[in-house]
Amino acid sequence: MLQRRIRTLLVRRLSLMNHFWLTAPIVALLWAGCSAPPPPNIVILLADDLAYSDLALYADTGLVTPNLERMAREGILLTDFYAPAASCSPSRAGILTGVYPQRVGIPGVLMPQSTRGLPPETLTMAEMLRQQGYATACFGKWHLGHLEPHLPQHHGFDEYFGIPYSNDMTPDSTKNPNPYARRHPPLPLVEGVTTVATEPDQRLLTSRYTQRAIRFIEQHADQPFFLYLPYAAPHMPLFVSEAFEGASSRGRYSDVLLEIDWSVGQILDALERTGISQSTLVIFTSDNGPWLVKGEGSGVAKPLREGKGTTFEGGQRVPFVAWWPGTIPAQSVSHALATGLDLMPTVAALTGADVGVTPFDGHDIRALLRRQPGAALPYTAFFFVQGYQVQAVRAGSWKLHVPHRFRSIHGAYLATWTHPGAYTRDSISLALFNLDIDIGESVNVIDDHPATARRLVAMVDSAQATFDAYRPEPR
Ligand code: MG
């Protein structure tokens with residue numbers, strides 16, 4: 001991209017100097033020296049509340065998701081990949097900006113009553129890529145501010161179609177039995193910046209997003225594009241199209257997973273049909289772990305501890321598969337720590353984007369995805385932050401929790417059709433876990449490793465001071 005800019009500048013300068021006769025040979029030489037492949041199309045498929053252990057790629061589920069399995073077979077599977085946060089809005093903010101969501105004012109979930117959103121000056125992946133000449137589209141659940149100044153079209157997306165926040169944020173008690181939900185306005189369906197319907201038929205959301213995505217791919221197959229498809233599923237309430245009703249014979253949640261898997265297959269097929277699979281990086285991941293209190297409507301956390309809304313592994317360790325035939329070696333698996341914060345810096349590096357002085361918290365993981373021998377591990381430490389409180393840190397195979405309270409699934413009242421469910425409250429004291437041998441964060445080994453614990457506590461203390469600085473001033 002820089003080379004493309006240098007070429008443009010030189011052509012302009014030479015033309016201004018009236019040295020037209022020099023322009024052609026110099027440009028030809030520059031082209032010849034720039035045989036690097038063009039920057040790839042970027043496709044991000046983001047499931048909502050999909051659990052690590054929901055997929056046969058990670059756990060013994062017995063459910064076949066052939067398209068995701070194909071993606072992993074032909075690409076790379078990361079086993080130690082974390083969502084930037086344990087809930088929808090902050091996780092999405094981290095994915096699209098490459099920084100901890102607290103830096104951009106999204107420490108928690110936005111509600112239909114929220115007037116806030118991703119600040120206009122924030123550099124998003126879409127804005128960055130649009131500056132690079134990419135066509136950009138978002139089809140799905142946005143959840144970074146539903147008022148017009150915060151909608152996707154004001155954050156770099158040429159096209160947007162979808163629901164602006166979660167599919168349970170509706171006054172319809174059949175979709176959300178929580179009494180507070182009656183205060184919500186009807187769930188909008190937005191095209192661009194215009195609400196085109198309210199309370200859309202949720203059974204059709206996944207297929208409608210998929211159709212729009214395929215059309216976008218077909219329309220832009222001859223130019224670079226960024227397609228961001230944040231599914232509204234498998235977030236509660238669960239809906240599937242008629243074609244997938246009962247398809248799994250294992251209940252609604254598995255039916256929903258099969259429809260998401262179908263959608264992934266449709267996207268991959270469209271890329272192959274249009275002949276651009278080798279020039280497209282496709283990423284599939286989830287925004288956070290399972291919403292356990294929803295009982296049968298939730299994914300499976302075990303063997304991970306707890307789920308969505310907590311800084312345990314169940315809250316933030318999520319599936320991640322990347323597919324880029326010809327560039328990412330097939331059948332790759334990596335156990336390196338990587339996170340959703342890495343997508344923005346990686347895409348910036350892949351496309352040669354000029355991001356100025358943006359201090360990303362994530363890392364460029366191109367070498368990891370390409371399985372380059374000797375690729376350095378991207379992280380010394382990743383912080384698990386709830387609101388503005390740093391609750392845990394992972395460094396290598398160690399994860400340290402500092403004392404904090406959390407909502408627990410143990411002893412919880414699970415949701416029914418008429419009750420939203422209720423977590424219990426629990427707390428954890430200073431605890432150190434070795435995730436290599438204890439992925440379930442069940443055995444506190446702090447007494448055996450005091451020096452490691454001290455080192456990690458110091459990391460948390462230092463990070464906490466940084467996050468404190470992002471707290472808004474009290475009004
Ligand atoms: Mg979510």
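Two strands count as paired if DSSP finds at least two bridges between them; strands (E, at least two residues) are DSSP runs numbered from the N terminus. This is a predicted model, where local features need pLDDT of at least 70 and side-chain atom pairs pLDDT 80 or more, while totals for chains, interfaces and linings use all residues. Residues are numbered from 1 along each chain as its sequence is written, and side-chain values use heavy atoms, without hydrogens and water.

Start with E15, residues 398-401. Four bridges join E15 to E18 (residues 431-434), and the two run antiparallel. His 401 has Ala 431 as its bridge partner in E18. E14, residues 389-395, is also antiparallel to E15, again with four bridges, and Val 393 stands opposite Leu 400. Two residues separate E14 and E15 in a hairpin, and Gly 396 in the turn has a positive phi of about 60 degrees.

Which way do the side chains of E15 point? Trp 398 and Leu 400 go one way, Lys 399 and His 401 the other. In a regular strand the side chains alternate between the two faces of the sheet. All four are buried, meaning under 20% relative accessible area with a 1.4 Å probe, protein chains only.

Lys 399 also forms a salt bridge with Glu 313, closest N and O atoms 2.8 Å apart; the rule is a Lys or Arg side-chain nitrogen within 4 Å of an Asp or Glu carboxyl oxygen.

Now the domains, whose bounds come from an automatic or database assignment: domain 2 is 41-376 and domain 3 is 383-470. Two salt bridges are found across their interface.

Notes. Buried means under 20% relative accessible area, exposed over 50%, partly exposed in between (1.4 Å probe, protein chains only).
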